[in-house]
Amino acid sequence: ASVALAAHAVAAAFLLAYYNEKCVRLGQPACGLLILLGNTLCLAYVFVSVGRPSGTLCTSRLLLLGVGFTLAFGSMLIKAHRLSDILDNKNLEKARRLKQLTVLFSAVMALDVATLALVALVWPLAVRASHRQEGYATVEESACFQSNEAAMLCLCLMKLLQGIAGIASAWKAAKVGRLSREARLVC
């Protein structure tokens, strides 16, 4: 995880250093930075998962993974949608703006954070400890768990809807993907 975080830091530094270069601008560096941030939050889970679980650690794990996934996946969705719009633009008209998609991404991000906060505040994760005997030693195991099934159902439903949106966008991009064979280097 440390090596991956270092690679993400190098990639982010590269994007920021060459942000105004034509080739980088064409690759949508803002989406790239959001993808890197989301992946970094997901990778941070590894460091938070070490040690004995507590209510705060269990909740922070949930928040890191949830927000990180939404940031990374939502940014990739915007990027894929933008690419399919460019490839579908047969008449080479003026490029469409991403305002509606950006508003939708922001709304999904806000809804996801609100859902995660609701679960964290109203139905907080707890720690379940168990003891078992192995030979002459007693082994204690601790794990995070959610006692409220409705809370987990809400979170799973949110991620399912995000996945369906991603599949729909990928399907649209695949339909116009045959045009990408005619693409040429523009830098």
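Rings of Phe, Tyr and Trp (its six-membered ring) pair if their centres lie within 6.5 Å; planes under 30 degrees apart count as stacked, over 60 as edge-to-face and the rest as tilted. Across the whole structure, a search finds two aromatic pairs.

This is a predicted model: local features need pLDDT of at least 70, side-chain atom pairs count only at pLDDT 80 or more, and totals for chains, interfaces and linings use all residues. Residues are numbered from 1 along each chain as its sequence is written, and side-chain values use heavy atoms, with hydrogens and water left out.

Select F14 and Y18. Their rings form a tilted pair, 5.0 Å centre to centre with 45° between the planes.

Now go to F69 and F73. This pair is stacked, because the planes lie at 10°, with ring centres 5.2 Å apart. Both sit in helix α4 (residues 55-88), four residues apart, so about one helical turn separates them. F69 is partly exposed at 32% relative accessibility; F73 is partly exposed at 24%.

Next, show helices α1 (residues 2-17) and α3 (residues 29-48). They pack at an angle of about 160°, axes 10 Å apart. That makes α1 roughly antiparallel to α3 (angles over 145 degrees). Colour the contact residues (heavy atoms within 4.5 Å). Among them are L5, H8 and L15 in α1, and L36, N39 and F47 in α3. By class, the contact has eleven nonpolar, five polar and no charged residues.

How values were computed:
Axes are lines fitted to C-alpha atoms, for helices over the stretch in contact, and angles run from 0 to 180 degrees between N-to-C directions. Helices (H or I, at least four residues) and strands (E, at least two) are DSSP runs, numbered from the N terminus. Angles under 35 degrees count as roughly parallel, over 145 as roughly antiparallel, 65 to 115 as roughly perpendicular and the rest as oblique. Ala, Val, Leu, Ile, Met, Phe, Trp, Tyr, Cys and Pro count as nonpolar, Asp, Glu, Lys and Arg as charged, and the others, Gly among them, as polar. Buried means under 20% relative accessible area, exposed over 50%, partly exposed in between (1.4 Å probe, protein chains only).
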